[in-house]
Amino acid sequence: MRMFIVAAVLAVGTAGMALPAQAYDGTKCKAAGNCWEPKPGFPDKIAGSKYDPKHDPKELSKQADSIKQMEERNKRRVENAKKTGKFEYDVTKISAN
C-alpha cells in the first residue's frame, strides 16, 4: 500500500512539472513581448507624480565620477603592464614614471 501511495505521489508530481507554465497570455500587449501594464491608479508619466524619485544630481554624478576614476586606474595598469610585462593591480605600487 505504501509503495502505491509513493508511486501515485511521484506520478502526480512528475505530471505537474511536465505541464507548460501558465503565463500572461498577452491579450493587451502593445507589441510582441511588450505586455507590461501598470496597476490601476498608476500614472502614465512618472515625472512630477508621487512616484517620481526626484534624484539629486550631485548623487547621480558620483557614479559617473567613480567610473572615470576607475577608467583612469585601468589605463595606468595597462600602460604599466605593457611597459613592464607584469600586471600590477595595486595602482599605488605603480611608479609615476
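N80 is found in helix 2 (residues 57-84), where helices are DSSP runs of H or I of at least four residues, strands are DSSP runs of E of at least two, and both are numbered from the N terminus. This is a predicted model, in which local features need pLDDT of at least 70 and side-chain atom pairs count only at pLDDT 80 or more, while totals for chains, interfaces and linings use all residues. Residues are numbered from 1 along each chain as its sequence is written, and side-chain values use heavy atoms, with hydrogens and water left out. The protein chain comprises two helices and zero strands.

**Overall fold and surface**

- Of the 97 residues in the protein chain, 6% are buried (buried: under 20% relative accessible area; exposed: over 50%; partly exposed: in between; 1.4 Å probe, protein chains only).
- The protein chain exposes about 9,200 Å², an area computed by the Shrake-Rupley method with a 1.4 Å probe, with only the protein chains shown counting as cover for residues.

**Helix 2**

- Helix 2 has 28 residues and should span 40 Å at 1.5 Å a residue, the expected span being 1.5 Å times one less than the number of residues.
- After helix 2 comes G85, which has a positive phi near 85°.

**N80 and its contacts**

- N80 has a relative accessibility of 13% and therefore counts as buried.
- Residues up to four places away in sequence aside, N80 touches G85, K86, E88 and I94 (contact: heavy atoms within 4.5 Å).
- One of these contacts, G85, is also the residue that follows helix 2.

**The salt bridge**

- One salt bridge is found in a search of the whole structure (a side-chain nitrogen of Lys or Arg within 4 Å of a carboxyl oxygen of Asp or Glu).
- The side chains of E59 and K62 meet in a salt bridge, with an N to O distance of 3.2 Å.
- E59 and K62 are separated by about one helical turn because they are three residues apart in helix 2.
- An α-helix has 3.6 residues a turn, so residues three or four places apart point the same way.
- Both partners are partly exposed: E59 has a relative accessible area of 46%, and K62 has a relative accessibility of 49%.

- R73 lies in helix 2 and counts as partly exposed at 35% relative accessibility.
- R73 and Y89 are 16 residues apart in sequence, and their C-alpha atoms are 9.2 Å apart in space.
- The ring of Y89 has the charged end of R77 over it, 4.4 Å from the ring centre (NZ of Lys or CZ of Arg within 6 Å of the ring centre and within 35 degrees of the ring normal).

**The loop between the helices**

- F42 lies in the loop between helix 1 (2-18) and helix 2.
- Beyond its neighbours within four places in sequence, F42 is in contact with W36 and Y51.
- The structure holds one aromatic pair (ring centres of Phe, Tyr and Trp, the last by its six-membered ring, within 6.5 Å; planes under 30 degrees apart are stacked, over 60 edge-to-face, the rest tilted).
- That pair is formed by F42 and Y51 and is tilted, at 4.5 Å centre to centre with 40° between the planes.
- F42 is partly exposed, with a relative accessible area of 26%, and Y51 is partly exposed at 38%.
- K54 is also placed in the loop between helix 1 and helix 2.
- K54 is exposed, with a relative accessible area of 60%.
- The phi of K54 is near 50°, a positive value in a residue other than glycine.
- Most residues other than glycine have a negative phi.
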